[in-house]
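Please consult the sequence and the coordinates shown here while reading.

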Amino acid sequence: MKFGIAKLSSYRRHRFAAPALLLVALLGVGSTFSVASALTASKAETQSAMSTQVSEGKQIFERGCSSCHGLNAEGSKIAPALIGVGAASVDFQVGTGRMPMADMSQQAMRKPPVYNAEQSAALAAYVASLAPGPASVNEAAITWQRDGNTAQGGELFRTNCAMCHNFAGQGGALSQGKYAPTLMGVEAKYIYEAMITGPQSMPIFNDKTISPAEKLSIIKWLKAAQSEPSLGGASLGRTGPVTEGLLAWVLGLGILIGIAVWLASKAR
Amino acid sequence: MKKSEKIAGNVANYVDERTGAAKWLKKNLTKVFPDHWSFMLGEVALYSFIILLLTGTFLTFWFDPSMREVVYNGGYQPLSNVKMSAAYASSLHISFDVRGGLLMRQIHHWAALIFMAAMIAHLMRVFFTGAFRKPREANWLIGVGLVTLGIVEGFLGYSLPDDLLSGTGLRIAEAILQAIPVAGSYLAFFAFGGAFPGHVFIPRIYTVHILLLPGIFLALITVHLMLVWYQKHTQYPGPGRTEKNVVGYPLMPVYMAKAGGFFFIVFGVTAFLGAVASINPIWLYGPYTPGQISAGSQPDFYMGWLDGLVRMSPPLETHAFGHTISWNILIPGLIVPGILFTGMALYPFIESWMTGDKREHHLLDRPRNNPNRTALGAMSIAFMLVILINGGNDLIATHFYLTINQIMWFTRIGVFVVPPIVFIITKRLCLALQRKDREIVLHGRETGRLVMLPHGEFIEVHEELSAEKKYTLTQHEQPRALEVPDTDGRGVRNPQGIKGKLRARMSQAHVEQVSAPSESEAKALESGHH
Ligand code: HEM
């Protein structure tokens, strides 16, 4: 257990920490540069690039999404309108493979995504062009490795998320067959987007309820929980006392009864 | 004789002359104990209690039972600088900064689970074999007391670390306390020394957990074992075993050596679990703060059925005289458990009233030979399992792709339907097994060997049972239903009233039996074609 803790705390002192930070910094510089150069480019050019992306997005939408969401994303009996949900929602839903929805079950499940990053961006641009909404989140802006505070993130998580996603982010059941999925292995960007868009039964956590810095803390804590080795032996799913009780009866008392039977039969 | 031997002999003589120890030892060390695996369940409970005493004492060296707020600064990074109670901080300290501390915490908790599981299994053995009958009713009552106190002790134990999960449990306990009509809110106020969670609760339950209840446990266990000693152990029926003797091994050396060895096996299994399987990872739960809660907050299994009952009860409240009575908590939290445990405690007396059997019993029943009792037991277990399932409904929902609502309704209906079905099936099963016993006593065991007779007929060879086996299968008595007179001597009809009728009805159900083959039936067969 000493080992585990040392491992957790040693991230900062990891020998790759400095190169990693350098990389993040370079990426930051690079993206600033590209934004700057984009700004200097002619306005008309940007707009035409935008509109080709939007029209591309509209095409994909008509083929893949309109059957449920309507030709102009106005919604239908079976699916909600997407006007005003913003690029973030599309990026999250398509990027995590939830959309296009495969079957009309209780809730859209996470699957391997159907569209690549470019197509997904086009879809997002199209939906964003219908009405303003939360913009998709740039991976590089989610600097949880550098910023954020694990302990604070843990407290925020327990206050805002644990009631649905379980104390260790393992997921849990909601009423009527709905469930909050496990958060282990979810990319930082999608955690962030889930918070700002509130998919399905999940509430929206806007910047007033949880500030951007606090969101980074939550992500940092989730990542720490994910990489935390099981400190006390086999983790039993991190779901609490139910598995423990099962093990106590089956393995604990089970083995002891087995030995008792053996001892009693030996005596004869 | 060597000099040292002589000295030892003198010392022994000295002690013996003054205490009569030799006679006492001779009598008691040669005491005979019967041998059967199911007689070792109680031992498992006893040994896990000893393990609990040892590991618990270790934990007290560092545990700080205080709700004083501190800022954590220990070995577990993801919680550094978090405000928490000293109790939680010291539990983290035990887990991460005390050598072997986490292992001890885990062994303590695994031992608690095995302690409860072993006690329950032991209780079932006693129930199904009828070992609670006269003269052992007192020991049955002590056993029921131990199980009840064990539930309380375990609950208080896992409330001590003051983590998020245990706080959630305490909150529910407080709600149950408050649901008691009229006195409830005062009781809760008294227990928590003010509003929940307050500052006095952890220190209080600490005293109860490490001093008061362990003391009561020690006293009850001592009396329990003394009673086993003086009333002698029961035994399963068999040739040479009667109501008047005990067949088995002498305490010294055989039984002692076995028991001692078995203690280390229990310790070994518990320590193994403590070493390889995580239990109650409080650092993941985080400190308790009112207002936080985790999905899938469950209690330990021995409380799980209670949680399941509370979860399944529909919202029911009445308002009267300015008081709100929350039936939805009162019924599952207090009334049903009260009925269950009172019924369990009184069962020996109920059965003896029902059957009119006031004799002493030292030979155990084979469960099938008492179908009614066995069915009652199976029914109670079915009831417990159904509500236990509802206690874990959220986990079952996510792991088996069901919905909480489905499980809720299944258990709401099942809790009324499943136990009676189990009762009927078990009873039929017992009778079928009796019929099978009768069959093989009379006709022998089927060997699967076919033989062709000279005239072409095929028969299967039946192997006759040994005399011992036959005895074991037929020794049980065939009880008769109580006769309740229709009129008494002076012509009053139905002199015992409803009670008498009920008693007659119950006794009739209780004695339903397949008759064991009698001497004459066996004779008739022997002289016949076999
Ligand atoms: C029938 C006997 C007992 C049962 C069922 C029982 C059960 C428990 C349980 C379930 C816990 C929570 C453990 C955890 O996961 O942290 C606990 C904690 C504790 N128990 Fe016991 N216990 C028993 C006897 C004792 C005794 C005899 C002592 C001391 C002499 C003791 C001292 C403690 C202490 C100090 C803690 C808190 C330590 C911590 O959680 O870090 N227990 N007990």
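The sections below treat the interface, the iron site and the backbone geometry.

The model is predicted: local features need pLDDT of at least 70, side-chain atom pairs count only at pLDDT 80 or more, and totals for chains, interfaces and linings use all residues. Residues are numbered from 1 along each chain as its sequence is written, chains are lettered from A and ligands numbered from 1 in the order in which they are written, and side-chain values use heavy atoms, with hydrogens and water left out.

**Interface of chains A and B**

Chain B contributes 63 residues to the contact and chain A contributes 54 residues, where contact means heavy atoms within 4.5 Å. About 4,800 Å² is buried between the two chains, and carbon and sulfur atoms give 71% of that area. Buried area is the accessible area (1.4 Å probe) that two parts lose on being put together, summed over both. On the chain B side, B:Trp37, B:Pro78 and B:Leu284 lose the most area to chain A, together 12% of what that side buries.

The rule finds 12 residue pairs in polar contact across the interface, both residues at pLDDT 80 or more. A polar contact is a pair of N or O atoms within 3.5 Å; within protein, one must be able to donate a hydrogen and the other to accept it, and residues adjacent in sequence count only if both atoms are side-chain atoms.

**Iron site**

The iron atom of the ligand has B:His108 (NE2) and B:His209 (NE2) as its protein donors, lying 2.0 Å from it; donors are N, O and S atoms within 2.8 Å of the metal (3.2 Å for Na, K and Ca), and water is not among the atoms, so sites may look incomplete. B:His108 belongs to helix H5 and B:His209 to helix H9 (residues 201–231) of chain B, 101 residues apart. Helices (H or I, at least four residues) and strands (E, at least two) are DSSP runs, numbered from the N terminus. The arrangement is octahedral because the 6 donor atoms subtend angles of 87 to 179°; six donors count as octahedral if opposite donors are over 155 degrees apart and all others between 65 and 115.

**Backbone geometry**

Most residues other than glycine have a negative phi, and most peptide bonds are trans.

In chain A, A:Asn166 has a positive phi of about 75° although it is not a glycine.

Terms used:
Tetrahedral: all angles 85-135°; square planar, octahedral: opposite > 155°, others 65-115°.
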